[in-house]
Amino acid sequence: MNMIPVVFCGVALMLLRAIPVASAESFPSLRDGDRVVLLGDTFIEREGDQGFIETALVVTHPTASLTIRNLGWSGDTVWAESRGVFDPPAKGYARMLNLVKELSPTVIFVAYGRNESFRGPDGLAAFRDQLGTLCDDLRTATRAEAPADVRLVLVAPHPFEGPDAEARNVALAEYCEVIRETAAATQAGLVDLFADLVGELPAGTAATDNGVHLSAAGYAAAARVFATACGTSLPADFVTRSAAVRQLVIEKNRLFFHRWRPANETYIFLFRKHEQGNNAVEIPQFDPLVEAAEAEVRSAARQLQ
């Protein structure tokens with residue numbers, strides 16, 4: 001692994017130390033039968049291939065029959081700018097809400113803000129407005145499926161590392177503060193990776209591979225932050241002890257990825273579906289495979305008790 005020096009000096013380090021960490025008490029521990037959706041940008045999409053966070057949620061709730069679905073999309077924002085594919089972002093946003101509704105979640109982790117932070121102070125007001133709108137839209141979209149309001153948990157992005165980290169973290173800190181304020185205003189839970197991730201890493205260990213995207217060690221540390229926010233904790237040997245569960249999680253996520261983002265999607269569902277749209281009937285055949293894989297995850301997690 002290429003190690004990048006962790007740079008949190010000057011103003012950025014002062015910001016990290018001065019952050020008022022919001023309480024996660026508004027988000028209780030996961031419950032038996034919860035249907036969890038992980039929604040967000042590259043951080044969430046890559047978690048599908050890493051599996052550390054999902055594994056942490058499962059092994060810390062071994063008696064709860066959890067259903068967890070990863071809807072991460074690289075490069076995405078609160079406007080669903082990556083999800084439009086060949087359509088405007090508004091259509092991608094609508095498709096995202098429809099997909100969330102189909103999954104009938106009781107808990108949604110919402111992880112945005114990193115990409116938006118590149119817009120600097122000028123983008124803060126628009127980000128604040130749209131993050132609040134997204135929270136409202138997610139609750140509205142799921143209300144018909146879940147009589148009780150869905151429990152939202154906002155995720156503040158982890159810090160940047162590398163030579164230009166200080167300037168980037170100054171900008172990101174402002175967006176993370178908006179996330180904290182929105183979590184409080186919308187009665188959502190909070191996972192604060194910006195404030196808490198570094199403290200979960202061994203001394204001298206970089207959280208990222210390239211200054212931007214978390215490494216395996218970074219995701220393992222993030223898993224600890226998520227567990228704490230959910231009112232639990234992970235043992236010191238979490239990574240090695242749960243390795244077999246994590247591989248099952250990764251395989252389940254691979255199957256679900258093909259379910260909701262199939263290859264040749266343009267030909268199956270979008271503007272060229274007149275050519276191969278008849279193959280769309282095969283996509284739901286992934287559902288029993290995903291469910292069977294998730295049953296294996298639950299069984300393996302229970303065996304760790």
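This note goes through the model point by point, from its confidence to single residues.

1. The structure is a predicted model, in which local features need pLDDT of at least 70 and side-chain atom pairs count only at pLDDT 80 or more, while totals for chains, interfaces and linings use all residues. Residues are numbered from 1 along each chain as its sequence is written, and side-chain values use heavy atoms, with hydrogens and water left out.

2. The protein chain has an average pLDDT (the predictor's confidence in each residue, from 0 to 100) of 87, and 82% of the residues score at least 70. Over residues 1-26, however, pLDDT stays under 50, although the model has 55 contacts (heavy atoms within 4.5 Å) beyond four places in sequence for this stretch. Where pLDDT is low, the predicted coordinates should not be read in detail.

3. Helix α5 covers residues 124-143; helices (H or I, at least four residues) and strands (E, at least two) are DSSP runs, numbered from the N terminus.

4. Several residues of α5 are buried, among them L124, F127, L131 and L138, where buried means under 20% relative accessible area, exposed over 50% and partly exposed in between (1.4 Å probe, protein chains only). The buried residues of α5 pack against β1, α4, β3, β4 and α6. G132, also in α5, is buried with a relative accessible area of 17%, and its C-alpha atom is separated by 9.3 Å from that of I179, which is 47 residues apart along the chain.

5. Helices α2 (residues 42-50) and α3 (residues 52-59) pack at an angle of about 70 degrees with their axes 6 Å apart, the axes being lines fitted to C-alpha atoms, for helices over the stretch in contact, with angles from 0 to 180 degrees between N-to-C directions. The two helices are therefore roughly perpendicular to each other, a term for angles of 65 to 115 degrees. In this packing, F43, E47 and Q50 of α2 meet F52, I53 and E54 of α3.

6. Most residues other than glycine have a negative phi. Q187, in the loop between α6 and β5, has a positive phi near 55 degrees and is exposed at 68%.

Definitions and conventions. Expected span 1.5 Å × (residues − 1). Parallel < 35°, antiparallel > 145°, perpendicular 65-115°, else oblique.
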